[in-house]
Amino acid sequence: MPMDILMGNEAIALGALHAGISAAFAYPGTPSTEIMESLQGFAARGPSAGPERLAAQWCANEKTAYEAALGASFAGRRACVSMKHVGLNVAADPFVNSALLRIKGGLLVVVADDPGMHSSQDEQDSRALAEFARVPCLEPSDQQEAYDMTRAAFDISERYRMPVLLRVTTRLAHGRSAVETAAPPGRNAHSKAEDRWGWTLMPHAARGLWKEVLAKYEALRSESEASAARERGDPLRAVITAGLALEYYRENEAELSGLPAGKPSHLHVDRYPMPYAAIREICATAKRVLIIEEGAPFIERYLRGILPTAIAIEGRESGEIPATGELTPDNVRPALGLGARAGQSAGAFELPRRPPQLCQGCPHLDSYTFLTEALTAYPVHSVNADIGCYTLGALPPLEAIDSVVDMGASIGMARGAAEAGLVPAVAVIGDSTFYHSGITGLVDLAAHGTSATILILDNSTTGMTGAQPTILPSERLSRIALACGVAEEHVVLLSAHKKDHEANVQAMRRELDYQGPSVVISARPCIEAMKKARKA
Amino acid sequence: MKYDIVLCGVGGQGGISVSIVIAQAALAEGLAAKQSEVHGMAQRGGEVLSHLRLSDRPIASPLIPEGTGHLVLAFEPLEALRYLSSLAPGAAVITSSAPFRNIASYPPDEGLLSALLGLPNCRIVDAEAIAREAGNPRAGNIALVGAASRHLPLSESSLVQAIERCFAPKGGAVVEANLKAFVLGRKA
């Protein structure tokens, strides 16, 4: 069988391709972006029409992507939707509701969590959302499993007629190792789900479907029991690992044999619903159980509950392993009874940190420079910003923004701040983020005539994730503002160049003084995207 | 046999091709390879770190355990000092000599140089000069692979083949320049 070194995200994309998907949808987000980028590569090399065509498309946001994937499943074909963990919050409505549907074509939702927050605003654990929705969740431990489980997920989805969530984390998504692949089966034929009451969530239908979901979830539990891997060891000491944490356990395993009690008994959980029987069995004679899991203390909390137990339950919640951040082969060692290892050091040499920063020549630098200067005229003001490269405007030397919360929050927050009397209120948002989740905020702004200024930093790309194309061309931004009802003279186009600095400051001040909603679009293409386009 | 490499530099220096070249060469020799890196925000001029592990047996952790690494391969001299805790006592540091000064608090050359020279096993390579000599200013990273090649548990020929394969999509001139940079780096 062919073998190649693949990034986790490439392995997932290849697994989905080999599972015979017909459609894939996504919004870029680290660490999930390369899944769609790889799928688009496959799509470009495949037929552009006909039953073998692969549609692999970026979408406005994760919710629209999820709904498109649902539609493809409804049409009987296999579909994949991929996103980062916080993207699943945006797609939560279709995701949670889709558990109730009688899925037709296999539906896989890949969610890449970012523990340690390398490029994210939180480190939420998608296993909790999968369980909340009663959606089965698979958790691979390496790139090979990511490939294999991606393929298996479509079979599970069609067998149980449910969506399946594949949960990966940064180290797996962006790690590379050798992956053995297998020949793909054929594609599902196009065949509409002739099942109105399996797809129409009116209360009377949904009540019945919800009972089906609960029954299916219990049936899926037996699959989790069967796939949980058990290794006998010290009967008094149990270790439970999940997903990638297995690799950190294995890394230290040889040394465990040297401990007085020898190796502990070990259970590896690779999918949910939680395998209750397997966990009870491994813990039956144990006095202590340690849970090593990437992300939240999800399994650990299940085991501990709130009533006293006879068995000591150790993990991230109890403090044996750090409660936040990524696991490492080192930070699990104390919990396993192993000592720390020392490396080299630079002695007394003081090593300055090198925080990320906007690229030299980035248009956002010019936009922030004119915004900050314009705001010097107003001792009290607020600047609510958003998710993207321009989030870096919070750091020195710019220190130009007051808040960053979630995709689109800038507009809602600036509006709320203005309504609460904090003016001038400015929302700073990129073009891609505006299309993702800013438009509805603008609708509110226009509907209430709130005195706030939206500054759209239009660089014609989704920059932070590696310059994917923005979903619609830039020239539509002003038309959207007009269509929402912002007055024509307060939809202002600026060019984010140093030479226009003075004019931009004046234009910005005019809008800050205006008592009503205004939209300022500061445009100049991303220099990284231009470099990438030249290379292509 | 196992061999663990910490690759580090500043976002945008393009260290990923180096990981791929070494990992492909390892695969061709029947070794296991596992690599881990971080994308996204950090890539915007910040510290970037990649771990590459090679072994003749299956590799578990994608991250190198503290105090056990065999080599720091740095694309920038300040970054060469950031991950020393990963290295086993006496293990090697190979770094480019060219500073990437994008922070105000960047240390003066003298202090940086003496910190590097104070390490038990450090080699400073003028990768930029080699790249210029090889005819492609972007070939500096492969010059560093050349410099590291005498430490790596990989044959020269499998590294050469991996370079050819990795840069083939960019055309013959790019392949030639990188091969030349590799050879010059190996001699450096």
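Which residue in S11(A) is the bridge partner of Arg230(A)? In S11(A), that partner is Leu267(A). Good morning, colleagues.

First, the conventions. This is a predicted model, in which local features need pLDDT of at least 70 and side-chain atom pairs count only at pLDDT 80 or more, while totals for chains, interfaces and linings use all residues. Residues are numbered from 1 along each chain as its sequence is written, chains are lettered from A and ligands numbered from 1 in the order in which they are written, and side-chain values use heavy atoms, with hydrogens and water left out. Helices (H or I, at least four residues) and strands (E, at least two) are DSSP runs, numbered from the N terminus.

Two strands are said to pair if DSSP finds at least two bridges between them. These strands are part of an open sheet of five strands with mixed pairing, in the order S9-S11-S10-S13-S14 of chain A. Its edge strands are S9 (229-231) and S14 (312-314) of chain A, each of which pairs on one side only. From one strand to the next, the twist averages 15 degrees.

Strand S6 (residues 137-138) of chain A runs antiparallel to S12(A), joined by two bridges. Within this pairing, Leu138(A) stands opposite Arg271(A) in S12(A).

Contact here means heavy atoms within 4.5 Å. Axes are lines fitted to C-alpha atoms, for helices over the stretch in contact, and angles run from 0 to 180 degrees between N-to-C directions.

The axes of H7 (residues 143-160) and H10 (residues 203-227), both of chain A, come within 11 Å and cross at roughly 140 degrees. That makes H7(A) oblique to H10(A); angles under 35 degrees count as roughly parallel, over 145 as roughly antiparallel, 65 to 115 as roughly perpendicular and the rest as oblique. Ile156(A), Arg159(A) and Tyr160(A) in H7(A) meet Lys216(A), Ala219(A), Leu220(A) and Glu223(A) in H10(A).

I close with the backbone. Most residues other than glycine have a negative phi, and most peptide bonds are trans. A cis peptide bond joins Tyr272(A) and Pro273(A), with omega about 20 degrees; Pro273(A) is in the loop between S12 and helix H12 (276-283) of chain A. Another cis bond joins Pro396(A) and Pro397(A), with omega about 0 degrees. Pro396(A) lies in the loop between S15 (382-385) and S16 (403-404) of chain A. At 60% relative accessibility, Pro396(A) counts as exposed; buried means under 20% relative accessible area, exposed over 50% and partly exposed in between (1.4 Å probe, protein chains only). Glu399(A), in the loop between S15 and S16 of chain A, has a positive phi near 40 degrees and is exposed, at 56%.
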